[in-house]
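Good morning, everyone, and thank you for making the time.

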Amino acid sequence: MPELDNSSDDIEQENSVKENKIISKNDFLKEISSKYAIVCEDLFKDYEIGDFIVRAVDNVSLSIHNGEFLVIKGPSGAGKTSFLNLIGGLDSPNRGVLYSFGVKISDMEEESLTTWRLLNTGFIFQNYNLISTLTAEENVMFPMNLSGVAFKEQRKRAEELLRKMGLHERREHLPFQLSAGEQQRIAIARALANDPPMILADEPTANLDKKTSQFIRDLFKELKDDIRTIIIATHDDYLINLADRILSFDDGKIIDEEIIRKFE
Ligand SMILES: Nc1ncnc2c1ncn2[C@@H]1O[C@H](COP(=O)(O)OP(=O)(O)OP(=O)(O)O)[C@@H](O)[C@H]1O
Ligand SMILES: [Mg+2]
């Protein structure tokens, strides 16, 4: 794909040259919005702890196609979660440009970013992150409530999703009354609540029993067949086998890329 030269911090130049191809800024944006779920250029994320700086994401440039199933692998501390947090709009980069579905999210204000996140992404965390004071059903309704879905519709969709997860009977329970596997299934229902075009998942089958892990794997297979963009940090062989592309991270960088299915 043609890339935009963003050697200046903001992309203001009329023309950009790379790979011997000259494209205007408008053409570039048109191209990324129609084809890509994510386009990032020279992305950096640093964490400062006192005088110590950890570079968790180190100069990452990458495009992820609409409908692509991308797996991110790498050892502990490689920067997988930090990278997912950036592309999911949960955190902001220190440097670099990040577009999602043609919208520049790297320098978006928090309020707009929250709205963007609600409508475009479903995030599945390794530790579920359910709201402890809300019931299973209320947790699933929560993102729909924030995005202004009518109450009746929220309940109907939550009921549907909880049934799909085999947890309809547990809808009145609070997270602490549910097992790890049940909490993860609620978290997945919540991630799907607003029917987002992109699902981000951070080791979604880690530390779960065999049956729940298989349930979640089958669900990801179904989501893949739905032609949604799916980006997962995982070491689960079954999920890796579903991938269109596998990226290996280490020290905040992409150190290897394996393309299984090429997108044009
Ligand atoms: N909030 C934070 N504050 C300070 N350092 C952080 C923070 N989050 C991550 N880091 C550091 O950034 C680096 C990348 O961490 P990250 O959690 O992204 O790795 P990971 O690949 O997801 O690891 P794991 O497989 O253990 O989940 C690590 O060195 C980590 O200590
Ligand atoms: Mg992690």
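This is a predicted model: local features need pLDDT of at least 70, side-chain atom pairs count only at pLDDT 80 or more; totals for chains, interfaces and linings use all residues.

Let me begin with Ile231, which counts as buried because 23 C-beta neighbours lie inside 10 Å of it, the cut-off for that label being 20 or more. Ile231 is found in strand 10, which covers residues 229-233. Leaving aside residues up to four places away in sequence, Ile231 touches Ile64, Leu70, Ile72, Leu84, Ile87 and Leu200.

The protein chain has 264 residues, of which buried residues make up 36%, and it contains 8 helices and 12 strands. If we take the contacts in the chain with a separation of 6 or more, 66% of them are accounted for by residues 24 or more positions apart.

Two of the residues that Ile231 touches, Leu84 and Ile87, are among the buried residues of helix 2, and that brings us to this helix. Helix 2 is mostly covered, with 7 of its 8 residues buried, and these are Lys80, Ser82, Phe83, Leu84, Asn85, Leu86 and Ile87. Just after helix 2, Gly89 takes a positive phi of about 70°.

Which residues lie around ligand 1? They are Tyr47, Ile49, Val54, Ala56, Gly74, Ser76, Gly77, Ala78, Gly79, Lys80, Thr81 and Ser82. The elements that give two or more residues to this shell are strand 3 (36-49), strand 4 (52-65) and helix 2 (80-87), and helix 2 gives the most, with 3 residues. Sorted by class, the shell has 5 nonpolar, 6 polar and 1 charged residues.

Now I would like to turn to helix 4, and to two other helices that it meets. The axes of helix 4 (residues 136-146) and helix 6 (residues 180-192) come within 7 Å and cross at roughly 25°. That angle is under 35 degrees, which means that helix 4 is roughly parallel to helix 6. The crossing in which helix 4 passes helix 6 is right-handed. On the helix 4 side, Ala136, Asn139, Val140, Phe142 and Pro143 take part, and they meet Ile186, Ala189 and Arg190 in helix 6. The residues of this contact divide into 6 nonpolar, 1 polar and 1 charged.

How do helix 4 and helix 5 lie, and at what angle do their axes cross? The axes of helix 4 and helix 5 (residues 151-164) come within 9 Å and cross at roughly 130°, and the two helices are therefore oblique to each other. Here, too, helix 4 passes helix 5 in a right-handed crossing. The contact is made by Ala136, Glu137, Val140, Met141, Met144 and Asn145 of helix 4, together with Gln154, Arg155, Arg157, Ala158, Leu161 and Leu162 of helix 5. By class, the residues of this contact divide into 7 nonpolar, 2 polar and 3 charged.

Key: Residues are numbered from 1 along each chain as its sequence is written. Chains are lettered from A and ligands numbered from 1 in the order in which they are written. A residue is near a molecule or strand if its C-beta atom, placed from the backbone, lies within 6 Å of it. Helices (H or I, at least four residues) and strands (E, at least two) are DSSP runs, numbered from the N terminus. Ala, Val, Leu, Ile, Met, Phe, Trp, Tyr, Cys and Pro count as nonpolar, Asp, Glu, Lys and Arg as charged, and the others, Gly among them, as polar. A residue is buried if 20 or more other C-beta atoms lie within 10 Å of its own, exposed if 12 or fewer, and partly exposed in between; C-beta atoms are placed from the backbone. Two residues are in contact if their C-beta atoms, placed from the backbone, lie within 7 Å. Axes are lines fitted to C-alpha atoms, for helices over the stretch in contact, and angles run from 0 to 180 degrees between N-to-C directions. Angles under 35 degrees count as roughly parallel, over 145 as roughly antiparallel, 65 to 115 as roughly perpendicular and the rest as oblique. A crossing is left-handed if the near helix is turned anticlockwise from the far one by less than a right angle, and right-handed if clockwise.
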